[in-house]
Amino acid sequence: MSNYGVFAQFYDKLLSNGEYEVRSDYISGFIIDNGINSGKMLDLACGTGEFTKYFVKKGFDVTGLDLSEDMLSIAKSKCPDAHFLRCDMREFDFKGKFDCCICCFDSINHLNSAEDWKKCFDSVACSVKSGGMFIFDVNTEYKHNCVLSGNSFIFDEEDCFLAWDNYGEGDGNVEIFLDFFIYNGKNYDRYSENFSETAFKSDFIVNMLKNNFQILGIYNDLTKEPENEESERLYFICKRK
């Protein structure tokens, strides 16, 4: 997993079309439908705290957890009413403290083995109350193999130029290379970061979850429609047994 560095400074700007409010409403709809209107929420891999911010506004007592100090620093500045902890998403245990847990924007895909995914799910299970909700999204194998792999993306902002290159082997894994060119007032400084993401089939993910969670639904991105062969992002709606 990457701890991010330079990326944290530009994360919000580059994901400005992330539909945070729409996605927050979508997620909270499932939480409310299951009888949780407020309470303690864990925002797992919270990044710069954009989702944290929206759920604080919705009345939740939110704890954001992330491994990146740079991301957490930004999150703390924009969400003074939330709590933040630096922690590995594979290893935490809050002893049934939370009414719900969310994990957004394919953060779980940053874990690169089935063992790590299982550790993450088990940590969530230890930290969420019986009957509590766990809602997360993932990039699919289709997205990694057919949309990202072999493609490059360019972001050209006023003070930053980013070249985003993706390489994959067609097995659900994709290597992501970021080259930032940041204007310093006279010329551009170059910074490079890279990380990888791993995708698994839905049935395999369900198998990792089933001992601790009831799977209420697996939906195509921002819908209540089932997965199809060209789904790029899926939401898993789970309830702690």
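Mentor: Angles under 35 degrees count as roughly parallel, over 145 as roughly antiparallel, 65 to 115 as roughly perpendicular, and the rest as oblique. This is a predicted model, in which local features need pLDDT of at least 70, side-chain atom pairs count only at pLDDT 80 or more, and totals for chains, interfaces and linings use all residues. Residues are numbered from 1 along each chain as its sequence is written, and side-chain values use heavy atoms, leaving out hydrogens and water.

Trainee: At what angle do H2 and H3 pack?

Mentor: Two packed helices are described by the angle between their axes and the distance between the axes. Axes are lines fitted to C-alpha atoms, for helices over the stretch in contact, and angles run from 0 to 180 degrees between N-to-C directions. Helices (H or I, at least four residues) and strands (E, at least two) are DSSP runs, numbered from the N terminus. Here H2 (residues 20-33) and H3 (residues 50-57) pack at about 55°, with axes 10 Å apart. The two helices are therefore oblique to each other.

Trainee: Which residues in H2 and H3 meet?

Mentor: Contact means heavy atoms within 4.5 Å. From H2, Tyr20, Glu21, Arg23, Ser24, Ile27, Ser28 and Ile31 meet Glu50, Phe51, Tyr54 and Phe55 of H3.

Trainee: Is Phe121 buried or exposed?

Mentor: Buried means under 20% relative accessible area, exposed over 50%, and partly exposed in between (1.4 Å probe, protein chains only). Phe121 has 0% relative accessibility, so the residue counts as buried. Phe121 lies in helix H5 (residues 114-127). Leaving out residues up to four places away in sequence, Phe121 touches Ile108, Phe134, Phe136, Ile205, Met208, Leu209 and Phe213. Ile205 is 84 residues from Phe121 along the chain, yet their C-alpha atoms are separated by 9.8 Å.

Trainee: How many residues are in the largest nonpolar core?

Mentor: A nonpolar core is a set of buried Ala, Val, Leu, Ile, Met, Phe, Trp, Tyr and Cys residues joined through side-chain atoms within 4.5 Å. The largest one has 29 residues, and Phe121 and Trp117 are among those that touch the most other members. H5 gives the largest share of this core, five residues. A second, separate core of 21 residues includes Tyr20, Ile36, Phe55 and Ile237.

Trainee: Where is Thr63 found?

Mentor: Thr63 is in strand E2 (residues 60-66). At 6% relative accessibility, Thr63 counts as buried. Its contacts, apart from neighbours within four places in sequence, are Met41, Leu42, Asp43, His83, Leu85 and Phe98.
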